[in-house]
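Biologist: Let us go through the labels on this model. I want each one set against its definition.

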Amino acid sequence: MQHLTKQQIEELKNILLQWKDQLVKESQESIGEPLSYEGGDEIDRADTEAGRLVMLRNLDRDRKLLKRIEYTLRKIEAGTYGICEMCGSEIPYQRLKARPVAKLCIQCKELEEENE
């Protein structure tokens, strides 16, 4: 993390914390929605079920992102944030600002995507 200033680290940490709070709030609001099949015909029920599936997918995506944010916050505390987990090079501040949960430098991320 030597390539990042304390001010940059603090800014990125605040972005992560705000992102986390927003995801938790949105997830709680989604979970609080009533699920009911009262009234309506089969098409209405199918539409409700499709909406429920989309909500569950979104909640799962948010859960995975929350885990990634928590992991990133632990890396900040451990002093290993901003270091590529594949090659060990420094991840530029501009990349971290655009994607605060980035674990890989651009070159390694491109290599990973090519191998998928």
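Modeller: Start with contact, which means heavy atoms within 4.5 Å. Setting aside neighbours within four places in sequence, glutamate 90 is in contact with His3, Gly82 and Ile83. This is a predicted model: local features need pLDDT of at least 70, side-chain atom pairs count only at pLDDT 80 or more, and totals for chains, interfaces and linings use all residues. Residues are numbered from 1 along each chain as its sequence is written, and side-chain values use heavy atoms, with hydrogens and water left out.

Biologist: Why is glutamate 90 called partly exposed?

Modeller: Buried means under 20% relative accessible area, exposed over 50%, and partly exposed in between (1.4 Å probe, protein chains only). Glutamate 90 has 46% relative accessibility, so it counts as partly exposed. Glutamate 90 is in the loop between helix H2 (42–78) and helix H3 (93–98). Helices here are DSSP runs (H or I, at least four residues), numbered from the N terminus.

Biologist: Are cysteine 87 and cysteine 108 buried or partly exposed?

Modeller: Cysteine 87 has 47% relative accessibility, so it is partly exposed. Cysteine 108 has 8%, so it is buried.

Biologist: What makes the span of H2 close to the expected one?

Modeller: The expected span is 1.5 Å times one less than the number of residues. H2 has 37 residues and reaches 54 Å from first C-alpha to last, close to the expected 54 Å. Glycine 79 follows H2, with a positive phi near 80 degrees.

Biologist: Which residues of H2 are buried?

Modeller: Among them are Met55, Leu59, Leu66 and Ile69. Arg52, Asp62 and Lys75 are also on that list.

Terms used: Helix = DSSP H or I, 4+ residues; strand = E, 2+ residues; numbered from the N terminus.
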